Amino acid sequence: MSTDAALLLEAADFAARKHRQQRRKDPEETPYINHPIGVARILTHEAGVTDITVLQAALLHDTVEDTNTTLEEVEEHFGPEVRRIVDEVTDNKALPKLERKRLQVENAAHSSRGAKLVKLADKLYNLRDLNRCTPKGWSEQRVQEYFEWAAQVVKGLQGTSPQMEGALQKLFLERGLSM
């Protein structure tokens with residue numbers, strides 16, 4: 001019988017191996033794995049999430065979208081529930097960027113609770129990161145446009161986590177936006 005800690009470490013190890021060559025777009029080129037770990041940390045420390053399935057999905061949320069990982073592989077290692085959440089938060093990279101962004105806004109309200117939690121934590125992590133430093137090649141206008149788009153996505157996720165929604169609302173208000 002696996003302990004919760006072992007299940008989380010298994011997901012963290014899997015994600016670290018899959019993302020090992022990737023870096024964030026910040027000036028320091030932070031190892032990419034810091035992002036999914038940060039998303040899972042927001043869920044536990046700020047939103048009080050203890051559901052291991054949601055936390056595993058948080059650690060794995062970008063593996064299918066950004067690496068050669070398949071949904072079948074996620075299910076084989078972590079089960080059908082983790083696969084379902086990862087699938088819900090994964091953009092179809094075959095679609096144009098604007099279409100992917102539109103679909104995130106459109107689908108947010110129809111997501112499962114687990115997917116909504118992962119999405120909220122993902123947006124919170126990314127927006128805090130954008131406030132910390134501007135990614136390489138991004139203008140201030142592009143940062144503002146990301147905030148505006150994120151506010152539209154988060155609007156569809158409302159009623160999921162008062163803690164994360166409050167933190168996001170504060171970030172949006174600092175930019176003159178509302179959810």
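Trainee: Which residues form one aromatic cluster here?

Mentor: Trp138, Tyr146 and Trp149 do. Before we go on, keep in mind that this is a predicted model.

Trainee: How is a pair of aromatic rings described?

Mentor: By the rule used here, the count comes to 3 aromatic pairs. Take Phe14 and Phe78, whose rings are edge-to-face, 5.3 Å centre to centre with 85° between the planes. This pair links distant parts of the chain, as Phe14 belongs to helix H1 and Phe78 to helix H5, 64 residues apart. Both Phe14 and Phe78 are buried. Now compare the numbers for Trp138 and Tyr146: this pair is tilted, at 6.1 Å centre to centre and 50° between the planes.

Trainee: Are Trp138 and Tyr146 buried or exposed?

Mentor: Buried means under 20% relative accessible area. Trp138 has 18% relative accessibility, so it counts as buried. Tyr146 has a relative accessible area of 13%, and therefore is buried too.

Trainee: Which charged ends sit over aromatic rings?

Mentor: Let's take two cases. The charged end of Lys101 sits over the ring of Trp149, 4.7 Å from the ring centre. Trp149 is also a member of the cluster we began with. In the other case, the charged end of Arg175 lies over the ring of Phe147, 4.3 Å from its centre.

Trainee: Let's turn to the core. How many residues does the largest nonpolar core have?

Mentor: The general idea is that in soluble globular proteins, nonpolar side chains tend to be buried together. In this model the largest nonpolar core has 52 residues, and those with the most contacts inside it are Leu43, Leu60, Leu127, Met164 and Phe172. The helices that each supply at least two residues of this core include H1 (4-18), H2 (34-46), H8 (113-132) and H10 (162-174). H8 gives the largest share, 9 residues.

Trainee: What does Met164 touch, leaving out residues up to four places away in sequence?

Mentor: With those left out, Met164 touches Ile42, Leu43, Ala47, Leu117, Leu120, Ala121 and Leu124. With the same exclusion, Ser161 touches Ala47, Leu117 and Leu120. Ser161 has its place in the loop between H9 and H10, and at 2% relative accessibility it counts as buried.

Trainee: How do H9 and H10 cross?

Mentor: Look at the axes and then at the handedness. The axes of H9 and H10 come within 11 Å and cross at roughly 145°. H9 passes H10 in a left-handed crossing. On the H9 side the contact is made by Phe147, Ala150, Ala151 and Val154, and on the H10 side by Leu168, Leu171 and Phe172.

Trainee: How many residues of H3 are buried?

Mentor: H3 is mostly covered, with 8 of its 9 residues buried. These are Ile52, Val54, Leu55, Gln56, Ala57, Ala58, Leu59 and Leu60. What covers them includes H1, H2, helix H4 (63-66), H5, H6 and H8.

Trainee: And the loops? Where does His19 lie, and is it buried or exposed?

Mentor: His19 lies in the loop between H1 and H2. With a relative accessible area of 1%, His19 is buried. Not counting residues up to four places away in sequence, His19 touches Tyr32, Pro36, Asp62, Thr63, Asp66 and Thr67.

Trainee: What is the phi of Glu29?

Mentor: First the background: most residues other than glycine have a negative phi. Phi of Glu29 is near 50°, a positive value in a residue other than glycine. Glu29 lies in the loop between H1 and H2, and with a relative accessible area of 37% it is partly exposed.

Trainee: Where does Ser139 lie?

Mentor: Ser139 lies in the loop between H8 and H9. Its relative accessibility is 39%, so Ser139 counts as partly exposed.

Note on methods
Residues are numbered from 1 along each chain as its sequence is written. This is a predicted model: local features need pLDDT of at least 70, side-chain atom pairs count only at pLDDT 80 or more; totals for chains, interfaces and linings use all residues. Side-chain values use heavy atoms; hydrogens and water are left out. A nonpolar core is a set of buried Ala, Val, Leu, Ile, Met, Phe, Trp, Tyr and Cys residues joined through side-chain atoms within 4.5 Å. Buried means under 20% relative accessible area, exposed over 50%, partly exposed in between (1.4 Å probe, protein chains only). Helices (H or I, at least four residues) and strands (E, at least two) are DSSP runs, numbered from the N terminus. Contact means heavy atoms within 4.5 Å. Rings of Phe, Tyr and Trp (its six-membered ring) pair if their centres lie within 6.5 Å; planes under 30 degrees apart count as stacked, over 60 as edge-to-face and the rest as tilted. A charge sits over a ring if NZ of Lys or CZ of Arg is within 6 Å of the ring centre and within 35 degrees of the ring normal. Axes are lines fitted to C-alpha atoms, for helices over the stretch in contact, and angles run from 0 to 180 degrees between N-to-C directions. A crossing is left-handed if the near helix is turned anticlockwise from the far one by less than a right angle, and right-handed if clockwise.
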